[in-house]
Structure formats: structure tokens, C-alpha cells
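Please examine the sequence and the structure shown below. The paragraphs that follow describe strand pairing, aromatic contacts and a pocket.

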Amino acid sequence: MPDGHPHSGPARQAPGGWAAGQAGGWGDQADQAGGWAAQGPYPQGPYSQGPSAPHDSSAEHVPGPHPLPHDHTAPRPDPAAGAWPSAPAEAWAAQAPYQQGPYRQSPFTPADSDAASADPARRAPEARPSAPAAAGIPYDPSTTYDPSTPYDPSADRDRAPEPQLPTGGRKAARLAREAERSGGGNSPRADGRRGRRRAGGNRKGNRNGTGTGTGRADAPHQPEPHQPQPDPHTPRPRLRRAGLVKAVAFCAAVVAASMLMLRGSEALDRIGGPAVPDSKAGAPAAPADAPDPGRVLQIVAHPDDDLYFMNPDLRYSISTGHPVTSVYLTSGEADGINAGAAKETTTPPNKPAYAEARQNGIRAAYAKMATGDRSSPWKRTAVPTKGGGQAEVDVLLAKPQVNLVWLQLREAGNVYADVPDSLHGLWDGKVARLESMLSSGTPVKQKYAYTKDQVIQTLVGVLEQYKPTTVRSQDPTPGRFADTKRYTDHQDHFYGARFVQMATAAYAKDVRDRPHFALQNYLGYFNGYLPSALDPDEAKEKLDILDTYAWLDRQNHCGSDAGCGDLKVADHPAGNRWSDAINYARGNSTSWLTSDREHGLWAFKVLDGQVAVWHRRGLVGPWSGPDLLPGTGMDPGVTTVTLGDGRIAAFGTRTSFGTRPADYKREVVYAVQKGPGAAEFGEWQSLGTPETTDETWTSDISAPAVSVDGAGHLAAYVRDGAGSLRGRVQQADGGWGPWEKHGGADLHGTPATATDGAGRRMVFCATSKTVLGWAQPKPGAPLGPVTATGLPDTTLPLTAQGREGGVRLWFRKPGSGNVRTALVTGDGGLKVNNLTDLGGLSGFGSVTASGHVLAGRAAGGQLGSEVGSGRPWERSPLMFVGAPSSTMTGRNMVSLAVVGLDARLYVTSSADAPDAHLAPWQPVGPRNGAP
């Protein structure tokens, strides 16, 4: 956003509706004229830009001796906290391919508003209709994965012995294809060598999900057409049974596992095709209908927060055809002066007009991302909200799955100062209601004001309308600068994110007719103090969209007297290096997938504010889940560890609100499996937090990093609000010691921990310049002092794994996205060995590593993977939330998983061998549905 942070000193030391049943509400509009769902066909006209209404107000300034390029605080006022008037959220009928099952939206076409433009130059041409017919938007399967393809484990009836998998190549691919033709089961092969015939079951029936093949060793065989037919008069010798008995243990596993070993090209070819469903899986197979790529809903405080802090994720989602809706809480009116530094003293303030100009810039930026044409027309409509007011909803006529929702509340106008009329003031109870600030061209004509609960209910109504599967929000706990104690992010940003936390919690609790949803939080202003996360090409694409928003050419392409963009940012569209960066505030863990002693898989992700668990029994058994563990308020990101007795412990953080604003708290919690392999977990137990009050550091603690040392001691570590390392260690009696201080400074992101070959625990955390480390001198001993590793700067997320006698780290190279690795040993103190650049497909975020497999987000947002040292990286069509995760399954197989933007689990596997390939990605369980 245009108001940069006022502090230009050293990097921080602290990291950072509608009433139910209300007439006229968004949540209750099915039969009401003018309501959300009761609209007719799409209008083809453009949106209008109404006249700019003057508005008297004094410019609000943010003090600060060292203004940054986008510091509108000294001497420039704070323009960053703005929001735009938006357009109608129409065209739900046209989204049929994206609205499968019970979540298909009613056709929505907003009624023509007074603000609808009659300018013929802005009207959509007749030859190219702006919105598709109600029959639906044509779906292009080449742009997305196929979530309808079910996973077929072919039922692990009896636990298979640990397999010795083929390593890939032609033989593996041939075996895999044959296994799939036979249903992919774990039945023995008749001749002990080829495995082309499945015992029992009908191939066609199994492929269609209707077969009942059992895979029993005594089931009859049908010879393959190309094989010679046996003489019917010749008695069958006992050799057949003897050979079968000898082959069953080894060959069953090989046949079952080899189905996972298709060549990479075959894997990509089959991603959009049908797969063999598991007729006995715990979760029913998904129907073979049009894919549902998921629906993305973004909620931000000001117009341009999404462009600065959620891009390129935003652009990736739009370009791949996902339905995307962005919600702006405030109008971003700032001081009302739409001018750069040179002209701001001579430009009269007009808050409604400046809010309109920023909205025009947002519409232009979204139109360019979606169509390539910034002037592509929108339809703007006023709709009633569940909170008793009105919202403007904009629909991009050429791509009606792209919507903008403007709530148009007042912004704070200051990054950190006490401003009662703001989201912060409303949250803290300093004002009973927050008034609207309507833009000059909005179709909303009646002013309104919201209480705290009405803001929450308004957001619940938006969630009910759009039924997202991925919700994106800003960081609710950004921290403070250690020296000045000022917020490291705009107060509108993180208090807006807290409203989102409460709204998503209420939505998850009270609304049952909805899909599961995942939440992703994004770092804000502090990106400017961290190493660049984006490669030059991605940064240039991001800056290009910001240039459109900033209206650099001054051409009146929008036909509005208010202007077509935000001239406050035109001097420096990149902001404080924000165009070079993107960082997730949480959800960077790569240890949420793990295996058990029986080679089963367990996956843990937060859906609906609860930890969801998926489980596969054995090597190729049926999957179950997602099953939501009891307990709400869970923050994005789960990390797991296997205890000495084989039980799995899941760790995360939980947010609670309390009865008073000061009761807001984020704490570390964990739950332990009741027994090895058991489906039940114990209740969540709290480890508390090293932070004393929310006011001190805004409850800014990282997600926990956990490990068990060679003495069997479990420990959890977090980065605290002061930018240092804190940890708790479990005692022999099961209790936990206090939060110990381990030092360090300028720590950011989440720590990473693992044990070396001697059982010594090591902990690492990134700073803005390097990586710091800690190590035990021996298992069971206290953690040693903080040590400089000498590693170069990274893009924050670290992955650590015990390997080669030490602990190996993986991280990203700033300004490149390339993956780097180094081995850290602990003999005689921490020592870094052989820093190596592994290349990659650019991208950003965490990298997961298991066996020979590396994977992480590639440029474009899909998953990139390397399945052998020196081999080229491959790109998967999967778009996903947070970080990927991988684990070894036994000694010779790697499993890899992501959660897609549809909030559904996807898994693949590979033999742990140099010439192996990833199998086709398979969705787990049914299509995302109501919990």
C-alpha cells in the first residue's frame, strides 16, 4: 500500500455482515428484489464513474524523521490505508464449472445502479459479450489439475512387508501400467515375475469403481490375450500354488508400489484423466465431473494491500482461472490528496474522490491481470450486507469469476498513532461504531456505520456468499520494532486481520452448508527489510501491475473525473522494495506429512480453524479423512514429530480472543496420538507463550519447531516478539520446563530443528543477513550458545533434516529463488560444509526434502520438484496452500503431499532411487464438501 513504514532504521528485532435471516442481507437474498442471489442475467454495460464529491477533512500525518519512498507520513499523509468503491458480485451462474455440487451459487446479476455508465466508449462491444451465458464458462483443463481424479491404493488388506521398489525407467513404467490395468492391487503374480494378472475382481469393474475384486491368492486368473492358453485337459500341477506362496510377500508389494512409478511425462498426462478408484476406501471416490479448482477469497484493509503483499499469488490464481474475490475493509481515503510529492501541497483534498481513484486503479490492475486490458469493463452494484449496511460489488464482465467487494469503512490514516475512528479503535472499544467513507463514484448512496459485531457479521455474510476454499488475509500479529516499539505494519492491516480471524471462526462454527477452507496469512510492511524473495522476472511482473495501479501514463482510460489510479504511489510504485518480496506469516512448516512404523501416512493441516487429519493405512491401504480434531482457533501451520514409542505429536499455535480486547493471545499447543497407529488423539495441551501481554509485542510468536533428541527428550522452540529464540523441554515425568531464553537477535520467520547422527539437537533460525544456530554438546544436555554459521542471507523459510551424520539445511537464494543446501556438523562446534546451489524453477517459500526428492513452489505458483541430484526440475500443475511436505515411507519410498487451493489433500510417491519418477498426483477422499 502507498503508506510505507515510517521507520528506516535497522531491521526489526521483533518479527513479526449480515444478520442471520435479516431482510435485505447478503446471507438471505434468495427471493428479495435487489438482493445478492436474486439478480437476473448479466448486464453488458460498463461500470460508471460518478462525479467526485468534495469532502472536507484535514490531512493526517504520520511523524517520523526518516520517511521512506512511500512514507506518506512526514511530510506526506498516510495514503496507504485506503479502500476502493467496488463493483457488483454478479455472474454466479456463469461460474458453473467452478461451483460443483451443493455449493453452486444462484445466478447473480446485480440490478442496474444509478452509477452505471452510459458512456458508449466504455460499453462492452456486442460482438464480444462481457459475461458468458448462464450455461457456464468453458473450462480449460490445460490450465488446472484434475481434482476429480481419485486415488486408488487398491486396499492394503494385510500389512505388506517393506518393499524393495524398482527404481524407475521403462521397467517401472511398464509394471505400473500393468498394475493399473489390473486394478493396481497387491495381489500376487501368477508366475512370480511379470505381475500382469490380478487374482480376482473384474478389471473394468474396478476401474469404474464398481468392482469388488478381493486380491485373494486363491482367486481364479484370466490369462492375458497375448499369452498361450493352457491345455484344459492337462491337470494343474502344484507348482502354481507353490510359486504363488513364494512370490506373495515380495511380489505383492512390488506390483502395488510399481503403480506409483510412472514416468514423469505419463504422470502429467494422467493428471487430467481418470484413475482407478478404490472400491473399499474409507473415503468415497470423487465423481468424475468437471474439476473444482477451488475459490479464493482475499480480505485486506486497503486497496493495494493485495497488490503489494499477496502478489504474485493473486496473479497466479487469476491467470489459472480460479474464482478470485478481493474484499477491502476501508476506503483508503487517507488525506484525500491524489498527487505525488511535487504537487501534494497544491492539490486540494477530496477524500471521496481519492478513494474512487484508488478503486479505479485496483479495477485497472485486476482487469490487466485477468484479460491483459486495463480498461476491460466492470459492473458495479450496491448490495445489502449482513451487518445492516451496504457494500459495493464489482464484477469483471469479461471474467465474471473475478469480483471486488468494497465495505468502505474509514481508515486510520496513521500507521501506529492512536486514532479512535479506525478498525483499531473499534476493536478496542474506543468507538462504538465506525462510519463509512463512500467513494465519489460508488453505487452505494446511503451512509452507514458498523459496530464491532456488525463488521464481523458483514464478513461472515461475504464468506457465506462466496464459499471460499482458500481465504487470504494479512498478518494479525506483526510485532514491533525493538528500538522504537512502533508497529512493524500498519494498524489497519493487523486489526483488519483480527476481524478476519473472528469472522472465519464464526463462519466455521455457525454455517454448515459450506466447504472446508484453508487460511493463509501474509507479511506486510516488514517485507521491505528482508532479502528479496522473488526472482527478477517475477518482481518485474509484480511491478508492472503496480505501475497500472499507480496510473503512470495519466491517460483517462477509466472515464472518471477522480482519476484512474493512485498518484501517491506513482513516484515509487515498488514501495519499500515490496515489489521484490512475498512472505507467508505462517504455514511454512514442511513436516506436516509423516509416516508410521507400518508405512502408513498421516497428514495434518488446518481447515476451518481446526487441525484436519488424513490417514492412509499401511503402504497402499485406503485413505480416510479429513477428520477434524476437536478444538478451534488453530492458526495456519502444523508441525509433527514422532516420539520414541512411535506415537505422533502435532504442534501448532492457537489464537483466543477472551472477553476483553486485551485478552487476545496466541499460544503454543500440542496433541499426542493415543497409541502408535491410533486414529484418536488426546486433547490439545497448552505450552503457553513467552509473551506476557498482547500489547508488548502484538502476540508475535512464530510457529513452533519441535524435535526429539537422542536421549528421548522432546523440545519446542519459537521465535519470540523480541526476535530471539525461546524454548521448552519436556521432563522425564512428562511435565515441561519453563520458556528458556537462548539468545539471538534479528531473528525472523520460524526456527527449524533436527538431530544429527549422534542424537544431538540442532536449532537454526534466519536473520535478515545470515542464519544463526544452536546445538547440544550431547544428547540430553541443555542447548548450547547461539553460534554464527557464516551462511549467506536466505529468504527466511528453513528446512532441517538429520542426514549424513549431521543436519542438512535447505533454503532459497535471495533474488533468485534457487534452492541451496549445506550440511552442518556438530563435532567441535557448529560447522557448515559444502554450501551448494541446486537450481530450481525460481519461486519462493519453503522447500521440502526427503530421500532424493526436493520440492517447493515454482514461479507460476505450481509445485516444482527434483527427483534426483543433477536431474532437471519438473513442474506440476498443482496450485497449493502454504508449503509442501514429504516423508520417507520405510527405507525406499518417498511420499510428497500438498493441500490444493480447493482445500483438498493431494499425494504422490516415488522410489528413493536416482532414476525414479514421481507417480501421478492423486486427490484424497471426496470432493471438498460440508464438514
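In strand S17, Ser-686 is the bridge partner of Val-669. This pairing belongs to a predicted model, in which strand S16, residues 665-672, is joined to S17 by 3 bridges, the two strands running antiparallel. Strands of a sheet pair in general through backbone hydrogen bonds, in either a parallel or an antiparallel manner. S16 and S17 are part of an open sheet of 4 strands with antiparallel pairing, ordered S14-S15-S16-S17. At its edges are strand S14 (639-642) and strand S17 (685-688), each of which pairs on one side only. On average, neighbouring strands of this sheet are turned by 30° against each other, with direction ignored.

A further antiparallel pair is formed by strand S18 (residues 705-708) and strand S19 (residues 714-719), connected over 4 bridges. Within this pair, Tyr-717 of S19 stands opposite Ala-705. The hairpin of S18 and S19 has 5 residues between the strands, and there Gly-712 adopts a positive phi near 85°.

The aromatic contacts come next. A pair of aromatic rings is described by two quantities, the distance of the centres and the angle of the planes. With rings counted as paired when their centres lie within 6.5 Å, the model contains 25 aromatic pairs. For Phe-604 and Phe-681, the ring centres are 5.7 Å apart and the planes stand at 80°; because an angle over 60 degrees counts as edge-to-face, the pair is assigned to that class. Phe-604 belongs to strand S11, whereas Phe-681 lies in the loop between S16 and S17, so the contact ties together parts that are 77 residues apart in sequence. Both Phe-604 and Phe-681 are buried. Elsewhere in the model, one aromatic cluster is formed by Trp-427, Tyr-487, Phe-494, Tyr-495, Phe-499, Phe-657 and Tyr-664.

Which elements supply at least two residues each of the lining of the second largest pocket? They are helix H10 (491-510), strand S9 (518-522), strand S11 (601-607) and strand S15 (648-656). H10 provides the largest share of this lining, with 6 residues. The second largest pocket holds about 530 Å³ of space and is lined by 30 residues. Ala-505, Gly-609, Thr-632, Gly-633 and Met-634 are the lining residues that lie nearest the centre of the pocket. By residue class, the lining of the second largest pocket comprises 14 nonpolar, 9 polar and 7 charged residues.

Definitions and conventions
Residues numbered from 1 in each chain as written. Predicted model: local features only at pLDDT ≥ 70, side-chain atom pairs only at ≥ 80, totals over all residues. Heavy atoms only, no water. Pairing = 2+ DSSP bridges. Axes fitted to C-alpha atoms, helices over the stretch in contact; angles between N-to-C directions. 1 Å grid on protein atoms, 1.4 Å probe; cavity = no way out; pocket = protein on both sides within 12 Å on 5 of 7 lines; lining within 4 Å. Points joined across faces, edges and corners; volume = space filled by probe spheres on them. Nonpolar A, V, L, I, M, F, W, Y, C, P; charged D, E, K, R; others polar. Phe/Tyr/Trp six-rings, centres within 6.5 Å; stacked < 30°, edge-to-face > 60°. Buried < 20%, exposed > 50% of the residue type's maximum accessible area, 1.4 Å probe, protein only.
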